[in-house]
Amino acid sequence: MVAVDLSGSMSEMDFSSSDGQAVSRLDAVKSVLHEFVATREGDRLGLILFGDAAYLQTPFTADHDVWLALLDQTEVAMAGQSTHLGDAIVSRLRYLNNLNRQKTKRKSSWY
């Protein structure tokens, strides 16, 4: 599960692309995540976006093309201007806890 900050500060142009162009923090994150996903063959990925609050953009999926498309659609401040990292962490933990409960229910249904 990957959490991406979409707060207002992510529009700051204080990173450089591989060709030396100034890019926003969000564009730098997207670039790094594209490289990361290319190395995760067979892995399922999820995406949480956060700003004023946290939102599950995509649950775990093995479809990396969809995951990247949803990442690429993100924009600064679409989740609010401020940064509430704690909400993103809580959202991630709730999602993982629900997954564990679902697995437990499936396992117990075999008995």
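Me: What pattern does the chain follow when it is read along the sequence?

Reply: Read in that direction, the chain follows β-β-β-α-β-β-α-α, where helices (H or I, at least four residues) and strands (E, at least two) are DSSP runs numbered from the N terminus. The model is a predicted one, in which local features need pLDDT of at least 70 and side-chain atom pairs count only at pLDDT 80 or more, while totals for chains, interfaces and linings use all residues. Residues are numbered from 1 along each chain as its sequence is written, and side-chain values use heavy atoms, with hydrogens and water left out.

Me: Why is aspartate 14 called partly exposed?

Reply: Buried means under 20% relative accessible area and exposed means over 50%, with partly exposed in between (1.4 Å probe, protein chains only). Aspartate 14 has 43% relative accessibility, and therefore counts as partly exposed; arginine 25, at 26%, also counts as partly exposed.

Me: Which other residues meet in a salt bridge?

Reply: The side chains of arginine 40 and aspartate 43 do so, at 2.6 Å from N to O. Arginine 40 is partly exposed with a relative accessible area of 30%, and aspartate 43 counts as partly exposed at 28%.

Me: How do you know that the buried residues of α2 are on the same side of the helix?

Reply: In helix α2 (residues 64-72), His64, Trp67, Leu68 and Leu71 are buried. They cover an arc of only 95° around the axis, which puts them on the same side of α2, the arc being that of the directions from the helix axis to the C-beta atoms. Among the elements that cover these buried residues are β1 and α1.

Me: Which residues have the most contacts inside the largest nonpolar core?

Reply: A nonpolar core is a set of buried Ala, Val, Leu, Ile, Met, Phe, Trp, Tyr and Cys residues joined through side-chain atoms within 4.5 Å. The largest one has 13 residues, and those with the most contacts inside it are Val2, Val4, Leu33, Leu47, Trp67 and Leu71.

Conventions: Salt bridge = Lys/Arg side-chain N within 4 Å of Asp/Glu carboxyl O. Contact = heavy atoms within 4.5 Å.
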